[in-house]
Structure formats: structure tokens, C-alpha cells
Amino acid sequence: MPGADEPLAQRLLDGDRRALARAISLVENDDPEGWALVREVYPRTGRASVLGFTGPPGAGKSTLLGALTKYERGQDRTVGVLSIDPTSPFTQGALLGDRIRLTDHFLDPGVFIRSMASRGALGGLSEAALQAALLMDAAGRDVILLETVGVGQAEVDIIDHADTVVLVLMPGSGDSIQALKAGVMEIPDVIVVNKADHPLTDTMVREIRNVLALGPQEGWKVPIVKTEAVRGEGIDELAGKLAEHQEYIRAEGTLSERRRRNLMNEVIGIAAYRMRRELEASVREDPEVQELLDRVVARELDPASAAATVLERRAEELAR
Ligand SMILES: Nc1nc2c(ncn2[C@@H]2O[C@H](COP(=O)(O)OP(=O)(O)OP(=O)(O)O)[C@@H](O)[C@H]2O)c(=O)[nH]1
Ligand SMILES: [Mg+2]
């Protein structure tokens with residue numbers, strides 16, 4: 001194989017798909033080599049457009065990603081797809097084709113598809129997902145599409161890595177509208193009502209419009225796009241709105257602001273995740289912390305005071 005003995009980082013930067021797959025596995029397995037690789041190629045990232053798709057199960061996110069991938073390929077742009085499934089115990093394999101519905105693109109070297117699942121710790125998954133997106137970016141993918149089921153906070157964290165956030169709904173996704181209304185779900189940049197072949201589509205669009213009318217009216221006006229992903233209907237319009245949003249955030253300076261905020265969240269996220277792991281280890285291994293816990297259980301010491309003591313002990317340890 002040509003270039004096979006070149007360093008992994010170089011092959012990755014050259015866009016070698018096998019190197020990209022290997023690199024993502026390293027970060028997914030929390031292998032130090034993976035982190036070292038990201039460190040090395042990080043200065044070469046920031047070029048890709050990162051689009052995040054979230055929404056309830058079965059809304060058609062994967063089908064939509066398949067249709068958009070086809071569109072982007074038609075524009076001669078390379079695509080990386082990262083499907084993040086916090087609920088599935090599987091990572092890759094048989095399930096992948098079904099979940100991602102991109103089987104048409106498996107043989108196209110311009111399309112790289114990867115699925116990631118939780119290994120228990122969601123903080124870890126979000127972390128690994130960003131690293132994977134960075135690796136795709138470094139490997140020269142023009143467009144990175146992230147898919148995640150939008151049901152809770154952890155998934156929202158993952159979507160935070162995107163420059164443009166798309167909420168995919170289908171007629172009947174009433175819960176999501178309630179979540180938007182209640183402010184549980186942040187207002188996305190673009191809303192898609194997929195399965196527009198459904199008779200209740202226009203009712204759904206009206207309901208969304210009513211919810212959006214309650215929010216801020218200045219700045220970017222959130223478009224609602226009707227699509228029928230299985231037939232590729234509405235994809236051109238969606239691609240147009242995505243491009244408009246990218247253009248808008250670039251022109252307004254919000255792109256760099258947004259990336260700054262997202263990266264800051266990421267730094268804090270990684271640090272917090274590691275700190276938590278260290279604290280958990282110290283709770284397991286330190287007999288004095290165990291004793292503290294016993295006192296909490298015996299109602300002699302309240303949890304907040306115990307936590308303060310744990311942190312103090314940790315600070316002392318670090319000072320030594
Ligand atoms: N009628 C109709 N069905 C659609 C449309 N788009 C997708 N579907 C179907 O809806 C089902 C779910 O589609 P997916 O793309 O897997 O949905 P998803 O949001 O990725 O689902 P999860 O990843 O499981 O959350 C599939 O059977 C699709 O064929 C559409 O425009 N119209
Ligand atoms: Mg899917």
C-alpha cells in the first residue's frame with residue numbers, strides 16, 4: 001500500500017480514509033495516541049463547515065443526511081458523517097448501514113461515515129465526538145454532518161460542536177414543540193419538517209411558527225423547511241438555507257464567537273470530565289474519603305461539607 005509507512009498524522013492530513021478511521025478508533029478508545037494525534041493536527045482544523053442535526057427518533061435525520069450528502073457530492077464537496085447514538089450499545093458493524101441509511105455512499109471515497117455510541121460516560125462520548133469531528137476536519141472533509149437523537153442535555157452538548165444546528169421534526173413531533181416552547185430545547189438555526197408527504201405537515205409548520213413568534217425577532221430569522229427526505233424533496237432549499245446561515249454567521253462575526261464559545265465549553269467539558277474521573281478514583285482509593293462518606297451516610301456530616309473537604313484534600317495533594 002503506498003504511503004503505508006508514513007506517520008499516521010501525515011496520512012490523515014493527506015486525506016487517507018483508512019488513517020482517518022484508525023485515528024477515530026484511537027480517540028474513541030481513549031488511547032493516548034489518539035489524543036497526541038489530535039494535538040498534532042489541530043492547527044490544521046477549522047476549515048470544514050460543521051452542521052449538526054438533532055431531533056426525535058425516527059424523524060428522518062439519517063435519511064436527510066443521506067440526501068444532503070448526495071447534494072454536497074454533486075457540488076464536488078467531500079463529506080464526513082458522524083452519527084452519535086448515546087442509547088446504542090453498538091458502535092459499528094451491521095447496525096451502521098441501517099441507522100445511517102447512507103449505503104449508496106459507502107463506495108464513494110469522497111464520503112466518510114462513522115457511527116459512535118456511548119460507552120457509559122456521556123461526558124466521554126461528547127469528548128470523543130468532537131475529537132472525531134476535528135480529525136475529519138484535519139483530513140480535509142469540506143462538510144461534516146453530525147447526527148444525534150435530541151432527547152436530553154448530553155446530546156445537546158454534542159450538537160454544540162456545530163456551526164449550524166438543524167432541528168429535524170416530523171408531523172406529530174408535538175413533544176419537541178413543547179420542549180421548544182418551554183425553553184428546554186434551545187432554538188435551532190434551521191428547522192426541518194420532514195415527511196412532508198404527511199397530511200399534517202402544514203399544521204406542524206404553523207405550530208412551529210407560533211412558537212418562534214414568541215422568541216426574539218431580531219437577528220437571524222429561523223427558516224422552516226419542508227422536506228421529504230426519502231424522495232430528495234426540499235433538499236435544494238434546505239442546502240440553500242444552510243448556506244445562507246453559514247454566510248450570515250460569517251458576515252456577522254458570530255461564527256468565530258460561536259466557535260470560541262463552543263471551544264471554551266469543550267475545554268471546560270474535558271477538564272470537568274477528567275476531574276470527575278480523578279475524584280471518583282480518589283473516592284474509591286482514599287480511605288479518608290471513604291471515612292468522610294461513612295460520616296455522610298451516618299448523618300454526621302452533610303454532603304456539601306464533605307464535598308468541600310474532598311476538594312480541599314485534593315488541592316493539598318496537588319500542592320505537594
Ligand atoms: N414517509 C416518509 N418517510 C420518511 C421520510 N424520511 C424518512 N422516512 C422514513 O422514516 C424512518 C426513519 O428514518 P431515519 O432517517 O432512520 O430517522 P432518524 O431520525 O435518523 O432515526 P434515528 O436515528 O433512529 O433517531 C425510515 O423508515 C425512513 O424511510 C419522508 O420524507 N417521508
Ligand atoms: Mg438516524
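Predicted model: local features only at pLDDT ≥ 70, side-chain atom pairs only at ≥ 80, totals over all residues.
Me: At roughly what angle do the axes of α4 and α10 cross?
Reply: Angles of 65 to 115 degrees count as roughly perpendicular. Here the axes of α4 (residues 61–74) and α10 (residues 235–252) come within 10 Å and cross at roughly 80°, so α4 is roughly perpendicular to α10.

Me: Now the metal: which residues coordinate the magnesium ion (ligand 2)?
Reply: Start with the donor atoms. Ser62 (OG) and Glu147 (OE) coordinate the ion, at 2.0 to 2.1 Å. Serine 62 sits in helix α4 and glutamate 147 in strand β4 (residues 143–149), 85 residues apart in the chain.

Me: Is serine 62 buried or exposed?
Reply: Under 20% relative accessible area means buried. Serine 62 is at 7%, so it counts as buried. Glutamate 147 is buried too, at 3%.

Me: And how many residues are in the largest nonpolar core?
Reply: In soluble globular proteins, nonpolar side chains tend to be buried together. In this model the largest nonpolar core has 35 residues, and Leu12, Leu20 and Leu135 are among those with the most contacts inside it. Helix α6 (122–138) gives the largest share, 10 residues. Beyond its neighbours within four places in sequence, leucine 12 touches residues including Leu20, Val41 and Leu135. A second, separate core of 23 residues includes Leu64 and Val225.

Notes:
Residues numbered from 1 in each chain as written. Chains lettered and ligands numbered in written order. Heavy atoms only, no water. Axes fitted to C-alpha atoms, helices over the stretch in contact; angles between N-to-C directions. Helix = DSSP H or I, 4+ residues; strand = E, 2+ residues; numbered from the N terminus. Parallel < 35°, antiparallel > 145°, perpendicular 65-115°, else oblique. Donors = N, O, S within 2.8 Å, 3.2 Å for Na, K, Ca; no water. Buried < 20%, exposed > 50% of the residue type's maximum accessible area, 1.4 Å probe, protein only. Core = buried A, V, L, I, M, F, W, Y, C linked by side-chain atoms within 4.5 Å. Contact = heavy atoms within 4.5 Å.
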